[in-house]
Amino acid sequence: MTGLSRVAGLIRDMVLARTIGADGLADAFFVAFKLPNFLRRLFAEGAFSQAFVPVLAEYREKGTHAAVQELLDRVAGTLGAALLVLTVLATLGAPVLAWVFAPGFAADPVKFAVTIELIRITFPYLLFISLAGFAGGILNSYDRFAIPAFTPIWLNLCMIAAALAATPWFARPVYALAWGVFAAGLVQLLFQLPFLAQLHLLPRPKPGWHHPGVRRILKLMVPALFGVSVSQINLLLDTIIASFLPVGSVSWLYYSDRLVELPLGVFAVAAATVILPHLARLHSGADPARFATTLDWGLRFVLLIAVPATIALVVLAEPLLTALFYNGATMGQRDIDMAAFSLRAFSLGLVAFMCIKVLASGYFARQDTRTPVVIGIIAMVTNMGLNLVMALPLHHYFRLGHVGLAGATALAAWVNAGLLLRGLLRAGVYRPGREWLRFGALLGIANLVMLLCLLVLRDAWGDWTALAFWPRAGALAVTCGAGFGAYVGALLAGGLRLRDLREVR
């Protein structure tokens, strides 16, 4: 379901590129869309979920069905009331939010006014999607995993429908997309309610600030909020600086970041999901040797994906963006070139991004949440400093613009990953295995073979923008397929077998 959601998201972005492209109003939409998504990470799948699910599990294990229902009613009432107040305040204070999140837009009255209106349309998405996250947490706790995993696909479907069907009704297509976001939040919430009813757990919201379960959830949310806010502050600063950069910068960063998120969101998250409970059991069972071996396996697994993905994104930046987003009108050659620069910069941090998911599990499994937060703060401060130096035009000879923002993000990720690795090594928790030398040599040779294959095929197609959509898509599929085949073939020739990926040795 997660993979299906990623594919749907890619199709959504292709439709967006053809509908709004990368102009000033597209920048306004992406800022307005980011704002509720920033806060969603706190109220939906982020800090709230991390605090709510353990408390619900305890009530389910030790209490009656009536006690569980009472907890859900009180949480629904408390969360819903807080979100409703926040939504009303944000709607009334949209001009302030627009100035805080995109102060550079104030120089363009039309762009700034559109941003304010879009924020007012999209912000209620936070209310709906957070309650949908609450419903998903309940379903996950009762082993109904498929429904919450499928639910995000409705966002992509609603936005695609808005782009294709509703844009003729609006003078500016970005308004249709904003209403698509609004509708998507409502649809995602309503979609899950029948499945809660099947479990006889449909919440009936009641005020519950003094309910002991609600108070415990709020208490557990505080450190989680702090940890999640580290990355959100970074994203906020990126958006603020991008608003001062040339028109299209926010959009170029959006399209390039989406391609980097594809391998990161599927493979790195999958690896972390697999090894975290395994590491926790090994730590509880006092088996440090197997703990270190499991970490070792996780790192080798993500490197098998991250290194070739990085090379492919760097080498095929223009072909990928052209095949997926170019149309010559809303998304022209300059937009592809600018997005390709930031895609390459983001890609240089992909290995670090993916390793962080595994390395952080080595701390969480040992119930050490403080150290990753401290390291995250160091990385955040590093990112902030690099943003100011690399993105803003401080002097004539050093103007990287939106590419500097992407590069700063990549460098900060390497700082984060390096500090996490150093901490595990110093604590003696992680000890690299003996097979790293052979594995590194095999990985290097296989990626070199893939690189040569990609370079030959990339240039064989000539001017990618001269091709129509389907020939471009076919050329990209052949190029990527051949590169993947060359990579896997080289790995197999070097002695790597599928069981090496399945088994933690």
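Visitor: What makes a stretch of residues a helix here?

Guide: A helix is a DSSP run of H or I with at least four residues, numbered from the N terminus. In this predicted model, helix 4 covers residues 65-92, and Val88 is found in it.

Visitor: Why is Val88 called partly exposed?

Guide: Buried means under 20% relative accessible area and exposed means over 50%. Val88 has 42% relative accessibility, so it counts as partly exposed.

Visitor: Now to Leu201: why is it called buried?

Guide: Its relative accessible area is 1%, and the cut-off for buried is under 20%, so Leu201 is buried. Leu201 sits in the loop between helix 10 (173-198) and helix 11 (212-242).

Visitor: What is Leu201 in contact with, leaving aside neighbours within four places in sequence?

Guide: Its contacts include His65, Val68, Leu72, Ile138 and Tyr142. Also, the C-alpha atoms of Leu201 and Asp73 are separated by 9.1 Å, although the two residues are 128 residues apart along the chain.

Visitor: How do you know that the reach of helix 20 is close to the expected one?

Guide: Helix 20 (residues 469-493) reaches 36 Å from its first C-alpha to its last, and 36 Å is also what is expected at 1.5 Å a residue.

Visitor: What covers the buried residues of helix 20?

Guide: The cover includes helix 1 (2-19) and helix 13 (288-315). Among the buried residues are Arg472, Gly483 and Tyr487.

Methods: Residues numbered from 1 in each chain as written. Predicted model: local features only at pLDDT ≥ 70, side-chain atom pairs only at ≥ 80, totals over all residues. Heavy atoms only, no water. Helix = DSSP H or I, 4+ residues; strand = E, 2+ residues; numbered from the N terminus. Expected span 1.5 Å × (residues − 1). Buried < 20%, exposed > 50% of the residue type's maximum accessible area, 1.4 Å probe, protein only. Contact = heavy atoms within 4.5 Å.
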